[in-house]
Amino acid sequence: GGGSEASNEVRFGYIGDYNGASLLAVAEDQKLWEKHGLDATASVFTNGPLQIQALGSGDLDFGYIGPGAMWLPASGQAKVVALNTLGNADRVIAQPGTGSMADLRGKTVGVPQGTSGEMILDLALRRAGMTKNDVKVVPMDASTIVSAFSAKRIDAAGFWYPAIDTIRKQVPGLVELAKNSDFRGEMEFPTVFVAGNDVVTGQQDKARRVLAVLREAMQYRSANAERTVELTAELLEKDPAQVRADAANVQVLGAEELDRLTADGTVRNWLSTMDSYFAGTGQLERSTGPENYYTGDLFTSAGQP
Amino acid sequence: MAGAAVNPKIALDGVTKSFDLGRDRLVALDDVSLEIADNEFVTVVGPSGCGKSTLLNILAGLEEPTAGRALVDGVPVSGPGPDRGVIFQQYALFPWLTVRGNVEFGLKIAGVPREERRARAEHFIDVVGLTYFADVLPKALSGGMRQRCAIARAYAVNPAILLMDEPFGALDALTRVKLQDQLLSAWDQERRTVLFITHDVDEAVYLADRVIVMASRPGRIYDAVEVDLPHPRTEEVRLSAEFTALRNRVWNSVYHQDNDRALPARD
Amino acid sequence: MAGAAVNPKIALDGVTKSFDLGRDRLVALDDVSLEIADNEFVTVVGPSGCGKSTLLNILAGLEEPTAGRALVDGVPVSGPGPDRGVIFQQYALFPWLTVRGNVEFGLKIAGVPREERRARAEHFIDVVGLTYFADVLPKALSGGMRQRCAIARAYAVNPAILLMDEPFGALDALTRVKLQDQLLSAWDQERRTVLFITHDVDEAVYLADRVIVMASRPGRIYDAVEVDLPHPRTEEVRLSAEFTALRNRVWNSVYHQDNDRALPARD
Amino acid sequence: MAVLSERDAAPKADPGPAPRRRSAPLVLNAASILLGIGVWWALAALGIKIPAPPEVAARAVEMAGDGTLLDDTAASLGRVLAGFALGTALAVVMGFLMGWYGPVRALAEPWVQFFRTIPPLAIIPLAIVLMGIGEVPKIFVIFLAAFLACVISTLQGVVTVDPTLINAARVLGAGDATIFGRVVVPASAPFILVGMRVGLGSAWATVVAAELIAAQEGLGFRMQNAQLYYDLPTIFVSLITIGVLGLAMDRLLLLAERKLTGWQEQR
Amino acid sequence: MAVLSERDAAPKADPGPAPRRRSAPLVLNAASILLGIGVWWALAALGIKIPAPPEVAARAVEMAGDGTLLDDTAASLGRVLAGFALGTALAVVMGFLMGWYGPVRALAEPWVQFFRTIPPLAIIPLAIVLMGIGEVPKIFVIFLAAFLACVISTLQGVVTVDPTLINAARVLGAGDATIFGRVVVPASAPFILVGMRVGLGSAWATVVAAELIAAQEGLGFRMQNAQLYYDLPTIFVSLITIGVLGLAMDRLLLLAERKLTGWQEQR
Ligand SMILES: Nc1ncnc2c1ncn2[C@@H]1O[C@H](COP(=O)(O)OP(=O)(O)OP(=O)(O)O)[C@@H](O)[C@H]1O
Ligand SMILES: Nc1ncnc2c1ncn2[C@@H]1O[C@H](COP(=O)(O)OP(=O)(O)OP(=O)(O)O)[C@@H](O)[C@H]1O
Ligand SMILES: [Mg+2]
Ligand SMILES: [Mg+2]
C-alpha cells in the first residue's frame, strides 16, 4: 500500500451500521469529497481490529472503530483523528424477574469479550459493589449470546441494541439492569475515526481535507437527522426502520461541539478514562496518552479556512 | 449318473444372460438348460468368452439370469450361500489376511470353534502345499500359490456343491495332477456335486462323469459327452484307449464348432 | 542356437534374489546363470513358486537381484524399457482404457502417429480375436479375453525381446494352438528373442529352441533341454516321435526333481 | 493376419430393451430435502428462534429482486471457483510429487498436516499483511482450505495405485510424466474425487472467513453484515444459497466421477 | 493327507540381514521443520509484524510454567478426542450404510454435502439452543466437523471395494454385518484413513470455533482471548500447540495405517 501524498485518493474503511456509515453516506450524497478535491473509496468491514490491521499494512488510510477497540489506537497502532458519536446502545440485560445487579450473584452472565458489552457489564458490577468474580462470566460470541439468552441458557448478558431487539422478540419480559447513560460523566462510549500513523504525520494536508469533509458531514447530520437515516439506509441497503432504531441509541456529536469538548479537555478525559479501563482489563499495557494518539488540533484546524 | 436325473441337485432351466455393452447387448448365455445329479462331477469346456464363468456365477447366486431359472435342490437360487463353494477364476483372496486367515475365513463365519478351525485350515493348507507359507500375505505368493490358497479356502468349508472356475489353470503339470487326484479321491469319499470349468481337455475327461462342451456366439451348450471310465481314475486310466477316444471326441466337438463358424463375414 | 552364445542377447550372471518374509528370508532365486542368444526362443517350466516370475521380473527391470547381474545386450539392466515387452501373469490391463486404448498405450508413448497407431492396434486386436470387443472396458471381458488383450498390447510395441509369463494359461485349447502358431510365425519372420514361461510341457517343447527346467527350494535352474525340432513347427511336428521323446524328457526332469525331494523332513 | 479374428466376431445381439435408469435416488433426494425443510419448519414453529421457511423465502425473493443475491452469488462463486480450482489442481500435483518422491513427502507432509489444524480465521491476519485487502488474500484463504483438504486424499491415492499397473506402463516405455498423467491420475481418480469433494466443502465453508477481508459483496460478507443487525432471514438466505451452490457443484463433481471412474467394478 | 505338503516346505533360508529401515524421512521431516522455523524467523526479522521464535518460546515457557498451557491442552485435547472419535466412528458406519443401501445414500447425501459447506461458526447458535453452553455443544461442533470431513471418504471407500472380494465373502456364507466388519472395513482402510486424517485436521481446526461457546479454558479459548489483547505470542503458542498436537495425532494415525494397510502392494 503506502501513502499517496500527491494523489487525492482516500481509502476509507467503515462498519455497516448507523454509527459507522452515516457520515460517509452524507459525504457521498452531498458530494463533499469532490468539493474538497478528494477521490474516496469506502470499504466496508465487519469489525474494527481488522481495519486497524489494514491501516498498519498500508491498505487503508482511514477507518472507523467502536469503543471496544479503543485500546488499539491507545497502544500506538493508529491515530484517532475525530470523535463521531457517543454510544448509547449497550445494556446489561437479564432474564425476566431479575430485580437488580445484586440478584446476579452466582448467576451465569454471557459477554462478548473485548466489546462495549463487556465494558458496561464491568461498570455495572462495580457500581453494585461486585466484581466479575461474584458472577459466572462466560465469554461468548455475539451471535451465540442471542441464542443462549433466548434459549434461557444464560441468566444475563452484557450486550447491545439492535441485537437486544431480536432477543426481546423471544423473551419479551427481559429486564435492562444497566445502560450507558447510567454512567454519564463517569465514562463515555465514543465511536471514532482513525487513521494510519504515517497518514497523520506524512500527509497532513490530505488528512485535513478529509477531516473537513467529516466536519461538514457532521454539520449536515446534526441538522438533518431523518434525512441522514434515509441516506445511511440507502448506502447500507437496509430497511430505514432498522437504521432509525439504531440511530435512536446514538448521541451524535457536532463539529463545533467537538471543538469545544477538545479545547476544554473533556475529550481527553473521556479517552484517559477509557485508557485506565483498558489498563484494568489488561488489554492495554501502557497507554501512549490521549495527547499522543488523539489529534484534536488537526480536527479543529480542519474547520478553519 | 445320467444327465437327466429325476431330482437333480442343480438345474438350469432356459437360462439366458445378456450384458449391456453400451452400443448393443451381448448374449453371454442363450437359453441354456442343464441338469446335474447329486454327486455328479461335471466338467465344462469351451472357447474363451463363451459364458462358462457367467454360468457358474449364476449358479453361485452372484449374477441373476436375464431370463430362465437356476435351481439348487429344486429351489430357485436367490443369492450365494456356503452350501455352494466357489473357486473364482481370479482367485479373489482377501489381501489383508494371511493364507491361514483366508482359509479360516469361511470357518469363522460358520462358527467353527477355534481349535477345530485351526486344525481344518492346517489340513487344507497342507493339502495344497502351502504349509511353509501359512502366515504369509497373498502379495508374497506366486500366481500358482495364490490359486492354491483359493482352493484351500473353498475346500475348508466343505460345501455340498463345488463350483470351480479353472481352478488348476495356473499350476504346473505335476502339482496339477496331484490336486486332480486329491479332488477325485475326496469326491469319491464325500460325494460332492462338482461343476468344474477347465481349458484342458485331458483334465476335463479325466475328472468328469460328463463333459459339457460350450460354444460361443451366443454362449450355449454345444455338446455333452458321457464319460464312463472306471473309478478310481488312475494313471492307467489316463493311458487307456477309452480315455484317448473320449478325449478325441471332446476335442472334435471343440474343433467342429470352429469349422462351422469360419464362414460368417466379419462385422 | 546353442545355450552359450558368444554375444548373448540376455545374460543372467549368478543372480540371487531373496525376499523378506518377516520371520526369515526366502530365497526365490539362488545363483542363477543363464545366457540367451539373439533370436533364441527359450521356454521355462518348473513347479509353482520356483521363481519363474521373479526371474522374468528381474530381466524386465522391475525387480533388482539381491546379488549377481542381469545383462541385456551386455549392458546391466537398470529399469524397464520398451525394448523388452512383458506379458504379466496377472495381465495388468489398465481398467480405465478400452481394449483399443490398452493396445494403443505403448504406441502413444512411442509417438507413433495416430493413423499408424490405429492400424497397428487394429491389427493386433484382430490377431487375438477381440475385434468385436475393441471398444469395451476390461471389466466386461472374460478371463481369457483379458489375457488376449494383454498379449495384443505387448505385441503392438514390437519389442526386440518378449518376456511372456504364462501368456496362454487362461485360453482354451484351440485359441491356444492358434496363438502358438501365430507367435512362432511372427518369431520366424521378425526374429525376436523370446523368454516364455509356461506350465504346459507340450507347449514348452513345441515352441522352444531350448527348454529351461527350474526347481524350487531354492529356485534354481535344474535342467536345460535343447529342442532341435525342425522349423516351421506344424501339427506334424507335434505328432512326431522326436517331439514325444523331448516331451517325456522334460516331464521326467520335472518328475525327477520331485522324487529326490520327497526325502527331507517337513519344517 | 487375423489368427482369431472370427472368434468372437458378431455375437448375437439381443433386441431387448436396456434396463431403464432408476430414478428412485432423485425421488429420495427430493423427499429428503422436503423432510429437512419440514424439520426446520417444525423447529421454527416450536419456538426456537429461527425464521420459518416462508419468512426466509420472502427475504430471498426480495434479495433476488434488487439484485443483491445475484451480485453476492457471483462474487462468492468467482472466489470459490478460483480458490477451489487452484487448490485442487495444486493438490493433485503435490499429491503426486509427495507420493512419488519420498523426500518431497518427508519435507511437505508435516506442514500440510500442521496447517490443516489451523483454522482459516487465524490465517487471515497474515494474509492481509502479505497480500493486502484485495481479491488476492480472499482467494488465497479459500485456495489454502481447498488445497489442504484435497492433498492428503490425492497423496493416498498415489500411494495406493496398484504397482503392477505402474510396472505395466513402465515396460511399455512410459516415463514419470506419462505415468503421472496416464496411470496415476486415472487410477487414483476415486481418491482425487474424494479430495475434490472434501475440498469443495472446505472452500465454501471458508468463504465466510475469506470475506471478512474487506469484502464489499459476497454471500459470506452479506451474512456477517446481516449479523450486525441480527437480520436472521438474510443470514439464512446466504447460508442456504451457499449450501445449495455447494450441493450443485458437488453434483457436478459426482457426474464427473461417474464419467471418470465408470471403468471401475463397483457395487 | 498332504497332497503337496512337501512342495514348498522349508525353502532355503538366507542368513543375510534384512534391509535396515530407512531413517531418511525422519531426518528430512526434522530438516523441513527447522526450515519452516527459519522462514518464520526471517519473516519476523524482515519487519512483518509477527513475533519471532524466541519471543514465542519465552511465552510458551511462561505459560507452561504457570500451568495454563497444560490446562488448556488438556481441555482442548479432551474435546477433540471425544468429538473426533465419535465423528469418525459414526462416519465409518454411515459411510457403510450409505454405500451399501442406496436409499440411505439418497436420503443422507444431500445433507452431508450441504452441511459441509456451512462454516462451523454458523452451527454454533443452533447448538447452543439445543444443547446449552456446557461441554456437549462444544464436542458436538467438533464431532460434526470430523464426521462431515470423514464420511465422504468412507462412503467412497465402500463404493470402491472390489466386488469380487465381497462375492468371495458371500459365497463363504458372510452376511451384511460380517461383510462390513471383515471385508468392507479392511478393504476400504486406505479411504477410511484418509477420512480420519482429514477429519482430525477438521476437528482441531474447529476447536477454536467450538470454544467460542462459553469455554473457560482450552487452546482455542486462549487464542481468542489473546486476540482481544492482540497478544501475538500467546496466539502463536496456542496455534503451534494445536498444530503440534494435530501433527502428533496424525503420526499415530499413520502408524495405524501402516499396520492396517500393510497388506497392500504399494510403491
Ligand atoms: N460384466 C460384464 N459386462 C459385459 N459383458 C460381460 C460381463 N461379464 C462377462 N461379459 C461377457 O460375457 C461373455 C462371457 O463371459 P464369461 O466370463 O462367462 O466367459 P468365459 O467362458 O468364462 O471365458 P474365459 O474362458 O475366457 O474365462 C464374454 O463375451 C464377456 O465379454
Ligand atoms: N513380493 C514378494 N514378497 C515375498 N515373497 C515373494 C514375493 N514375490 C514372490 N515371492 C516368493 O518368491 C517365490 C517365487 O515366486 P514366483 O512368483 O517367482 O514363482 P513362480 O515360479 O512364478 O510361480 P507360479 O508358477 O506359481 O507363478 C515364491 O515362493 C513366492 O512366495
Ligand atoms: Mg471365465
Ligand atoms: Mg509366476
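Modeller: A:F193 has 1% relative accessibility, so A:F193 counts as buried. Buried means under 20% relative accessible area, exposed over 50%, partly exposed in between (1.4 Å probe, protein chains only). This is a predicted model: local features need pLDDT of at least 70, side-chain atom pairs count only at pLDDT 80 or more, and totals for chains, interfaces and linings use all residues. Residues are numbered from 1 along each chain as its sequence is written, chains are lettered from A and ligands numbered from 1 in the order in which they are written, and side-chain values use heavy atoms, with hydrogens and water left out.

Colleague: And A:F12, buried or exposed?

Modeller: Buried, because A:F12 has 1% relative accessibility.

Colleague: Switching to chain C. How are C:Y132 and C:F133 arranged?

Modeller: They pair edge-to-face, 5.1 Å centre to centre, with 85 degrees between the planes. Rings of Phe, Tyr and Trp (its six-membered ring) pair if their centres lie within 6.5 Å; planes under 30 degrees apart count as stacked, over 60 as edge-to-face and the rest as tilted. Both C:Y132 and C:F133 are buried.

Colleague: How many aromatic pairs over all chains?

Modeller: 39. In one of them, A:F12 and A:F193 have ring centres 5.9 Å apart and planes at 75 degrees, so that pair is edge-to-face.

Colleague: Which aromatic cluster holds A:F12?

Modeller: A:F12 clusters with A:W33, A:F62, A:Y64 and A:F193.

Colleague: Where does the charged end of B:R238 sit?

Modeller: Over the ring of B:Y206, 3.8 Å from its centre. The criterion is NZ of Lys or CZ of Arg within 6 Å of the ring centre and within 35 degrees of the ring normal. In chain C, the charged end of C:R191 sits over the ring of C:W187, 4.7 Å from its centre.
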